[in-house]
Structure formats: structure tokens, C-alpha cells
Amino acid sequence: MTITQIKQNKKGLALDGNVYLPRIMVIDRIIEETPNVRTIHFHFKDTKLNKEFTFDSGQFAELSIFGVGEATFCISSSPTRKDHLECGINRVGLVTNALHRLGVGAEIGFRGPYGNHFPLDLMQDKNLVFIGGGIGLAPLRSLIWNVLDSRNKYAKIDIIYGARSVSDLCFKYDLDTWESDKTLNTVITVDKGDGKWTGKQGFVSEVLQDVAPSCSNTIAVVCGPPVMIRSTFPVLENLGFTPDQVITTLEKRMKCGIGKCGRCNIGNLYVCRDGPVFTYSQIREFISDEY
Amino acid sequence: MITKKINKKDIRKLLMTWNQEFSVIVPTRERGVAEMVRWDNNDISFLDWYRNTVIAPKACFLPQSEVMISFQKKETGYKIEVPRDEHKQIIFGIRPCDARAITIIDQVFADIYDDYYYASKRRNTLLLGLSCSNPYDSCFCTSSNVNPAESEDVDLMFTDIGDEYVIEELTSGGKALLNMSNMIKKVTKADVNRAKEMKAASVEKLKKRVDTKDIEGRLRSCFNDRDLWERVAAKCISCGICTFLCPTCFCFDINDEMIHKHGARYRGWDSCSFRSYTKMPMENPREEKWRRVRQRVCHKFEFYPINLGINACTGCGRCIRLCPVNWDITQVISSLPADISMHSS
């Protein structure tokens with residue numbers, strides 16, 4: 001298998017030809033995932049757009065709070081489930097803190113979808129290994145639900161997910177569902193468990209080594225903090241995965257989301273425009289190590 | 001190419017004619033800093049003092065600060081408005097280096113998505129070039145494939161031949177402008193020859209040179225040489241003035257402001273010189289100064305050529321002239337080692 005470049009982006013909505021003009025979204029549900037992460041569910045205020053809007057797993061959007069600013073979030077819900085969109089919000093900065101203060105019924109701005117997406121077409125009939133860490137499960141769960149909604153198109157599926165502590169595990173309701181799904185092998189780990197934790201302990205890369213999924217006819221998708229991504233690549237290589245069989249999604253500070261404002265580049269590539277989804281073989285060819 | 005001319009003393013009348021239908025933008029000393037500003041319908045003294053503006057003409061399309069949307073919180077939710085800016089404008093006196101810069105950044109703002117704000121101003125603007133007859137010591141456009149007296153990036157090109165300007169028509173838009181005035185005259189063979197001499201003299205005046213041969217490969221082979229980049233970046237104070245004044249630097253930031261129930265989303269120039277430019281909550285890919293300086297040099301001379309097949313430096317010399325610590329991009333380029341890959345095989 002060779003994925004030279006992952007392309008075919010679904011383009012963002014351009015209202016009146018103005019791609020920067022946000023659409024109004026209304027928050028209709030909030031789930032507190034961890035003390036610092038919440039998931040917001042939202043829909044277009046202009047209800048006919050809820051049916052028209054399409055995106056692919058892996059794409060991102062610019063969410064804004066009017067008067068506070070815009071920030072970049074991957075869409076964490078699956079495009080197969082159309083009644084609303086979801087984003088996981090880690091409370092770290094100006095906009096994310098403000099998003100944590102909002103309640104149901106609040107209006108936010110939305111631009112997108114932007115960027116490329118996970119290559120679902122190339123994943124068909126293959127074994128899939130999903131490897132996630134912390135809030136990195138957000139883009140991954142869009143893909144996982146997308147795959148599970150057409151389960152028979154794919155072969156064996158492993159999900160390996162970890163967080164720093166039990167209270168940092170995100171999307172616990174999904175984890176419960178996947179653990180009880182007999183068509184999947186779901187392994188959950190925390191760096192250090194509390195007294196009650198009966199699951200695995202240790203870094204995701206270590207648990208991956210133990211699970212040791214076969215590389216034959218397999219694609220691995222890795223999403224998490226950079227330190228987890230960097231430590232996972234060598235383990236996958238040890239397991240026999242070629243760089244073409246490993247896919248990840250990168251995160252950078254972004255403003256425009258469409259390859260113009262300049263800041264998210266790694267060498268000549270813009271993460272917003274040429275990514276955020278890259279194969280490990282693409283990453284190895286990057287001019288710069290600034291990822 | 002069709003060539004015409006106009007007497008210098010008729011320039012004011014010509015600009016007045018255009019100023020009725022267009023906003024005529026000319027070099028002006030605003031607060032002591034020369035920039036392209038709406039003409040006052042009178043003063044043409046810039047023809048005497050003007051060498052080049054401090055603020056590059058990119059600011060006519062990408063202002064230092066501009067409102068993208070304004071919004072108002074109402075009982076029924078947010079109401080959003082977009083400022084409309086469809087007025088036609090003429091930029092008179094743009095130099096060939098800066099006109100080339102516009103051609104270069106046009107590509108960025110039309111890539112995949114049209115940038116609404118840039119594009120709406122750009123498509124309503126005609127560029128009227130003025131041959132450079134008095135370049136600065138820091139100018140090196142001839143090393144950047146720009147001719148100080150010729151341009152294909154403008155609609156009309158003016159060349160000073162003494163008491164008159166010879167005018168070259170490069171586009172139908174430029175031709176239509178000339179048709180608006182009865183002060184435009186035919187040229188004689190002597191005028192054309194005189195213009196040729198003046199142009200040749202302009203090129204002669206450009207003394208500063210930099211060898212950009214193999215620059216992309218040279219940068220590629222020293223990209224990871226941290227010691228080299230730390231030396232190159234040593235005296236930089238990360239003030240960002242080179243990026244703000246560079247005619248091809250286009251990076252911007254987007255921010256909101258709101259007072260009570262009224263607010264606006266602005267965009268303003270940003271700079272890869274600033275640590276905050278790439279800063280994320282947990283990490284910063286260009287925290288170190290040498291990485292930021294490397295980014296600036298490599299964006300112009302390596303990433304741009306890879307993506308768009310052109311060096312994004314037009315040799316205008318602003319970043320040299322106005323740098324507070326005399327950092328000189330031409331010295332940096334000249335000091336780079338040869339492309340290793342060309343010799344290794």
C-alpha cells in the first residue's frame with residue numbers, strides 16, 4: 001500500500017463567497033469528560049444546514065465565541081451521525097476557557113470543515129489499529145464511529161487508548177461501548193492508576209508493544225500529544241509496520257485554517273492546508289522537525 | 001507594446017481626472033513614514049522626493065488592521081455584518097519590486113479559497129508602475145529577477161525621461177485609463193530611445209548584488225545546521241520590523257474585541273519573528289530565535305520556490321534599510337555554504 005498524499009478535501013462553507021464568515025451554531029448538550037475537558041454538541045441555527053453540511057473524519061473547524069476569538073478544533077463526531085456535531089474542548093487558553101463557561105443554548109461561530117481527512121477508502125478490508133492518547137481520542141473517535149457504522153467493511157480492529165490518570169480518560173461512555181463490543185479488541189491504560197483501577201497501567205507505547213497487533217494488511221492510526229506520537233512510531237516499526245501503514249493527525253497553532261495566515265507550517269507544508277492528516281512516511285520526508 | 005507619453009506638468013490633471021472615478025492612491029508622508037495613501041487631489045510633490053515607500057503597497061490589500069466582521073448581540077442571537085469595500089482604486093507610483101510582490105502574494109490569497117477581503121480590494125485595483133531612477137544602497141532587485149525600470153506586474157508603466165513620462169500600456173485596464181484623458185500624447189522615436197537610456201541607467205545604479213543561484217538547495221542542505229542558524233540569528237532582536245515592511249510577508253492574526261453588546265473580529269499583521277506566533281498551550285515549535293530566523297529566510301528562498309516556483313524576495317531592501325541591528329539578508333545568503341547534495345553524487 002502506498003499513500004503518497006492524502007487529499008480530496010471537502011471544502012468549507014463560504015457564505016456569500018466569504019470563507020471567513022462564521023455560521024451560527026447553537027450548543028444543545030454539554031458532557032463534562034474530565035475536570036479540564038468537555039464535549040459540546042451543537043447544531044446549525046439555520047436548521048436546513050444541518051442536512052446540507054458534510055465533512056469527513058479528520059477534518060477540523062474554527063469555533064468562535066463572539067468577542068473572545070476563534071480557535072481550531074477537530075470535529076469529534078462521526079459524519080455518519082448527522083443530527084449534530086461534536087467537539088472536544090480541552091481547557092488551555094482564552095477561547096477554550098470561554099467555551100468551558102458556556103451553557104446549553106449558547107450561540108457560537110463555526111467555520112469549516114477544513115483540512116484533509118483519514119483515507120477511509122484505503123482502510124477498507126484492512127485490519128485497523130487505533131492508538132489514542134488523552135484528548136487525542138477526539139479526532140480518532142470520529143473515525144472509529146465512522147468505521148463501526150460500517151463494521152463489515154473492515155477486518156480486525158484494535159483500539160488502544162491511554163491517559164495520564166483515570167480521571168483524564170475522555171469519552172468514557174464510548175470506551176465502555178467499545179469494551180463490550182465483541183467485534184473489537186479494546187485496551188485501555190493509564191500512566192498511573194488510582195486504587196480502584198483494575199485495567200492496564202503504563203504508557204500507550206508500552207501497552208502497544210504488549211498488544212503487538214499484526215502488521216499484515218493493517219493500518220495504524222495514531223492520535224495524541226506529540227510525545228506520545230513520537231514514542232509510538234518506533235514501536236510500530238518494531239512490530240513491522242512500514243511508514244506508509246501509519247497515519248496520524250498533527251496539531252499546530254492556527255488562525256485562518258485555510259493556508260493563508262502562515263503560522264502552522266512545517267517546512268513548506270501547512271498543517272491546515274496539506275494536513276492535518278499525514279502518513280508517517282510523509283512526516284519522515286518533512287524538511288523540518290518542527291512538529 | 002503600445003507606448004505613449006505625458007508632460008510632467010499635466011500629471012496633476014491626469015490624476016484629478018482619474019480621482020473622479022477611482023480612489024487614487026499615491027506615495028504620501030503620513031506621520032513621517034512614506035506609504036501609499038489616498039491622494040489629496042492636489043499635492044504631486046512626491047514625484048520629487050519619492051524613492052520608495054516605507055510601508056509596502058501590500059497594505060492597500062492587506063491593511064495592518066482591518067475589520068473582518070462586526071457583530072451585535074440581540075435578544076434573538078448574534079447578528080453578523082461584513083464590511084463591504086467595492087470601491088475602485090488606482091495605485092500610482094508603485095515600484096517594480098513591489099508590483100512583483102503583489103503578483104507573488106496574489107497566489108497565496110487565491111489558493112484553494114479566495115481570501116474575500118484581499119480579493120475584493122485586489123480585483124478593483126489598477127497598478128501604475130513608476131521606473132526606479134534613484135534606488136537605495138540597500139536595494140538588490142536585479143538579483144531577484146526584478147528590473148527596476150520594467151514590470152509586467154502592472155497595468156501601466158511610467159518612465160521619467162526628463163520633462164515627460166513615457167507610458168507603456170500593459171493591460172486593457174491600463175489602456176482604458178489613458179483613454180480617459182486628452183493629455184496623453186504619442187511618442188516619438190527619440191522619446192522611446194530616451195526611455196531606453198533611462199532604463200539602462202536605472203539598472204546600472206543597482207550596485208548591491210546577491211548570488212541566489214542554487215539557493216533552495218543550499219538552504220536545504222544546511223537546514224538542520226543549528227550552529228549556522230544560531231550565528232545567523234545572533235544579533236536579531238525579534239522585533240519583526242522586517243516582516244511588517246516586507247512586501248511579500250502576508251502573515252496575519254485574527255482577534256476579537258467586544259464592548260458591551262457590540263464587537264468586531266479583526267485581522268492584523270503578524271510575524272514569524274514573534275515567539276507568540278506559533279505558541280501553543282503545551283509547546284512551541286519555534287520557541288528558539290534561530291528557528292524563527294530560519295523560518296523567515298527559508299520561507300522566502302526555499303518553501304516558496306518548492307510550493308510556487310518563485311523566490312518570495314523581490315530585493316526591495318526594506319528589511320536591510322530599516323533593521324535596527326543591521327541584519328542583512330544578502331549577507332546571510334552569501335554566507336551559506338554550497339549545496340552539499342550537488343557535490344556528493
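Mentor: Let's start with the core: of the 154 residues in the largest nonpolar core, those touching the most other members are A:I131, A:A220, A:V221, B:V24, B:I25, B:I91 and B:L128. This is a predicted model, where local features need pLDDT of at least 70 and side-chain atom pairs pLDDT 80 or more, while totals for chains, interfaces and linings use all residues. Residues count from 1 along each chain as its sequence is written, and chains are lettered from A in the order in which they are written.

Trainee: What makes a set of residues a nonpolar core?

Mentor: Its members are buried Ala, Val, Leu, Ile, Met, Phe, Trp, Tyr and Cys residues joined through C-beta atoms within 7 Å. Buried means 20 or more other C-beta atoms within 10 Å of a residue's own, with C-beta atoms placed from the backbone.

Trainee: Which residues is B:V24 in contact with, leaving aside neighbours within four places in sequence?

Mentor: B:L15, B:W18, B:N19, B:W39, B:I90 and B:F92. Contact means C-beta atoms, placed from the backbone, within 7 Å.

Trainee: What makes α10(B) mostly covered?

Mentor: 14 of its 20 residues are buried. Just after α10(B), B:G309 has a positive phi of about 75°.

Trainee: How confident is the model overall?

Mentor: It scores ipTM 0.92 and pTM 0.93.

Conventions: A residue is buried if 20 or more other C-beta atoms lie within 10 Å of its own, exposed if 12 or fewer, and partly exposed in between; C-beta atoms are placed from the backbone. Helices (H or I, at least four residues) and strands (E, at least two) are DSSP runs, numbered from the N terminus. Two residues are in contact if their C-beta atoms, placed from the backbone, lie within 7 Å.
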